[in-house]
Amino acid sequence: MSAHTVLTAQTVEDCIIDQRWDGYSKEDHAIWGTLFERQLATLKGRVAQEYLDGLSALGIGPEGVPNFDRMNARLRKITGWEVVAVPGLIPSRPFFQMLANGQFPAGTFIRSREQLDYLEEPDIFHDVFGHVPLLTNQAYADYMNEYGRVGLQGMERKAVKFLARLNWYTIEFGLIRKPEGVRIYGAGIVSSYGEAKYVAGDNSAHELAFDLERVLRTGYYIDDLQASYFVIDRFEDLFDLLEGRDILALIDEVRPEPTLTPFEILEQDKVIRKGTGEYWRDFPKTKTKLK
Ligand code: HBI
Ligand code: FE
């Protein structure tokens, strides 16, 4: 675990730090600008319009690292959410509690120029450019809220592994179907140059219609591009997944089933696009195990 990870904190208060926006160097702001310009060019025509609307509603631009206080003044008025500064990855309990509170934890450090294409831990570009704009969309924000509440209950029921898969295939790597075609909304794709280009231009990956039980059973590799993406039709679908149904009971049913790899297609899958598997031909490329 790197210095950025607050290992022992169990309460929200213990995780929150000051952003210290005045502490960013000219180079930090320049790195943000480079990342912003390059990513927006890559996302054009492929990212959900709701994401772009959020970006402009919050005044997030290429000028430099966003100031959380200024951004929160706008975000609170739109959906009541706020971004809080944390040192990096935090334990699940405070993470879920924050989401339940309508607080999004964002790292404050920014990657170096050498890490422009990939870094292990989420930095401020992943968290703010990737995750925050969609918090201006009420349906998506409500899902994040409910996800936090369910996560807290899930901790008492050994369900975090399954809820992490739901997080992975929606919040981080989700796609949404629009009349004009499939569009990106997951923060892990939105903030990654390589993965956004892969989703936009490579046919290796499967695109499957979102199915909750299928996602709860499907593992993932944390350090490589996805072999399958799950596609929703509306952001409201996400909230409907959790609201008024007992996902923890469903997780208990799914628990004994074997974990699915992201490569396979089941006959009950609604296949939007069958991938060629090209990128994954020389599997296993990854060093990590299936989550
Ligand atoms: N901490 N800062 C931060 N950001 C996350 O996305 C995050 C986290 N801690 C835990 C966590 N995510 C996962 O446990 C959940 O996605 C399941
Ligand atoms: Fe993330």
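Predicted model: local features only at pLDDT ≥ 70, side-chain atom pairs only at ≥ 80, totals over all residues.
Residues are numbered from 1 along each chain as its sequence is written, and chains are lettered from A and ligands numbered from 1 in the order in which they are written. Local features need pLDDT of at least 70, side-chain atom pairs count only at pLDDT 80 or more, totals for chains, interfaces and linings use all residues, and side-chain values use heavy atoms, with hydrogens and water left out.

Let's start with the ligand. Around ligand 1 sit G88, L89, I90, S92, F95, F96, Y147, A164 and N167, each with a heavy atom within 4 Å of it. By class, that makes six nonpolar, three polar and no charged residues; here Ala, Val, Leu, Ile, Met, Phe, Trp, Tyr, Cys and Pro count as nonpolar, Asp, Glu, Lys and Arg as charged, and the others, Gly among them, as polar. Helix α5 gives the largest share, three residues.

The polar contacts (pairs of N or O atoms within 3.5 Å) look like this:

| Protein side | Ligand 1 atom | Distance |
|---|---|---|
| G88, backbone N or O | nitrogen | 3.0 Å |
| S92, polar side-chain atom | oxygen | 3.1 Å |
| N167, side-chain N or O | oxygen | 3.1 Å |

Taken alone, ligand 1 exposes 390 Å², and the protein buries 86% of that (Shrake-Rupley method, 1.4 Å probe).

The lining of the largest pocket has 24 nonpolar, twelve polar and eleven charged residues, and α8 gives the most to it, with seven residues. In the second largest pocket, the lining has six nonpolar, five polar and three charged residues.

Key. Polar contact = N/O pair within 3.5 Å; in protein donor to acceptor, adjacent residues only side chain to side chain. Helix = DSSP H or I, 4+ residues; strand = E, 2+ residues; numbered from the N terminus.
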